Amino acid sequence: MDIQNIIVSHDNTRNHLDGVSTMIQKGKITTIIGPNGCGKSTLLSVLSRNNTPKSGNVSLENKDLLHYKSKEFAKKLAIVYQQNEIPKDLTIEKLVSFGRLPYQTILKRNHEEDTKAIEWALACTNLLEKRNTDLEALSGGERQRVWIAMALAQQSEILCLDEPTTYLDIFYQIELLELVKALNKEHGFTIVMVLHDINQAIRYSDQIILMKAGQIVAEGAPREVITREVIKEVYGVESIFHEDKQLGFYMVPLGI
Amino acid sequence: MTKKIVSFSIVIVLLLVSAVYAATTGSIKMGFFEFIAALFEDGNNQMEAIRDLRFPRIIVALFAGAALSVSGVLLQSVMRNPLADAGVIGISSGAAFVQLFIISFFPALFFMTPVLAFIGGAFACALVFALSWKSGLSPLKLILVGIAINAMFTGLTEAFISLGGSLNTSVSGVIGSNLTMRTWKDVSTIVTYGTVGLIAAFALFSWCNLLVLQDKTAKSLGFPVARARLIIAAVAVLLSAVSVVVAGVISFVGLLVPHIARRLVGHDHKVLIPFTALAGALLILVADTIGRTIVAPIEVPASTIMAIIGGPFLIFLLRKE
């Protein structure tokens, strides 16, 4: 995915994304991080076509994003949002089956393929046994997995996740990030996600895009991007970094 | 599953019973077997009167109830709001006013009444949508906007009738919703447009189901949210407009019936829409029959009965919100 000089303004007074250009590499996990209001979620919403930039363009496989038909695009890219309203009286399986919409028309529907994709999505997210459970009866971690399962049923190549671990406790955070990693390694999904936790970003990403005030400050492999100076500059936080055989590379924030 | 089957069976049985009861009760009375026998023979005077007077009334009540209830389901889905009802938020009164207004100046357009009512309803619906869009269609805001729109159109209609009372008296029927003196011509109007609307509504069930998702999520699945909203709303307006043309403004049906229906058969529109149609038909038929028999020979309009039941029900729903 090639991103060229994107400018987005929600209110026409300031640019929430101010000339962002980058490349999302196929088959890799790319994580966008940065302080609150830096435009990371806005960038994700441009990639997923939920936000149309004022200028600049994004191309996917050498075709402008805006030239894709909506169903065609939904087969290429799926997104899981941070907060989702839980519809009443809907089972997991029913919700996941909505993910097949891009493949269905009023007249045509391939039931066999739909069933296969739904089974696969439920299996990946470990929800097979709960398939007939009502969404309202699920815990926060399970709900997040259900939305991921719906996105998986789209059988897209790219999966976007907007702050997937926010509002989850540490157990579900790890469970979710391990799932994301498995989807990347075993099924070849290109992952683009927004995270808050810098150590999680370091541990789970191939590429990190660090943003501040609508611009990209640094990008590349985690070890190259995340340094003491950059963290000080972007977040205003003093920190130390440590490398350990068992723990790998990690950051400990000291203070402000 | 069994709960759904039981609910459907009970409503269908009640519908048949009330239809027969409605046909045989009133100033002309008939026993059940006498009625069945008379149904298949010619020349029974009482039966001829029932055929000409009561049958149209019963059919109009059934279709108006079904149309209004299904219209409520569709509006609730489109506005993602459990409190939407064509009567309460002004779509019916918008339809009534525009139809009355244009017919008064251009009586020659009388044959186009359903179309005019549709235009009025669509205008009111668009107003409600536009004015409550900013608040993210929050249920309470939408109801408040709708009540204001409704008050405006009802007021305009009343003012117009009192100003032009001498101009054209025959149109004043649209404001009340008395189902007396319905003719077979009314029946053909409501059956034609009503059937089209009800079939269209059912055909849209999977779209209605998808609208429970937030817009951003539905869009990410490639679902044309805006187009779906527009089409579903158009069908909802058609259904309420046609019932206004034939049966006048009846509020609260579209609120009450879908709400109870969801409790009984769930939120899946594939089941909900047909069930709501049947239950709505039943409710208006019963309301009309009670209205014309309870203090006979005086008639209480079905809309009055619905308002008496519906008002408290709306308060009940608002308290739950």
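In the predicted model, helix H6 (residues 170–187) of chain A lies across strands E3, E7 and E8 of chain A and runs at about 155° to E8(A). Helices (H or I, at least four residues) and strands (E, at least two) are DSSP runs numbered from the N terminus. Axes are lines fitted to C-alpha atoms, for helices over the stretch in contact, and angles run from 0 to 180 degrees between N-to-C directions; contact requires C-beta atoms, placed from the backbone, within 7 Å. Residues are numbered from 1 along each chain as its sequence is written, and chains are lettered from A in the order in which they are written. Local features need pLDDT of at least 70, side-chain atom pairs count only at pLDDT 80 or more, and totals for chains, interfaces and linings use all residues.

Six strands of chain A form an open sheet of mixed pairing, in the order E6-E7-E8-E3-E9-E10; two strands pair if DSSP finds at least two bridges between them. E6 and E10 of chain A stand at the edges with a single partner strand each, so one side of each has no neighbour in the sheet. The twist averages 15° from one strand to the next.

Four bridges join E3 (residues 29–33) to E8 (residues 190–194) of chain A in parallel, with A:Ile32 partnered by A:Val194. E6 (residues 77–80) of chain A also pairs in the parallel sense with E7 (residues 158–162) of chain A, over four bridges, and A:Leu77 stands opposite A:Ile158. From E6(A), A:Leu77 and A:Ile79 point one way and A:Ala78 and A:Val80 the other, and all are buried (20 or more other C-beta atoms, placed from the backbone, within 10 Å of the residue's own; exposed means 12 or fewer, and partly exposed in between).

How values were computed:
Contact = placed C-beta atoms within 7 Å.
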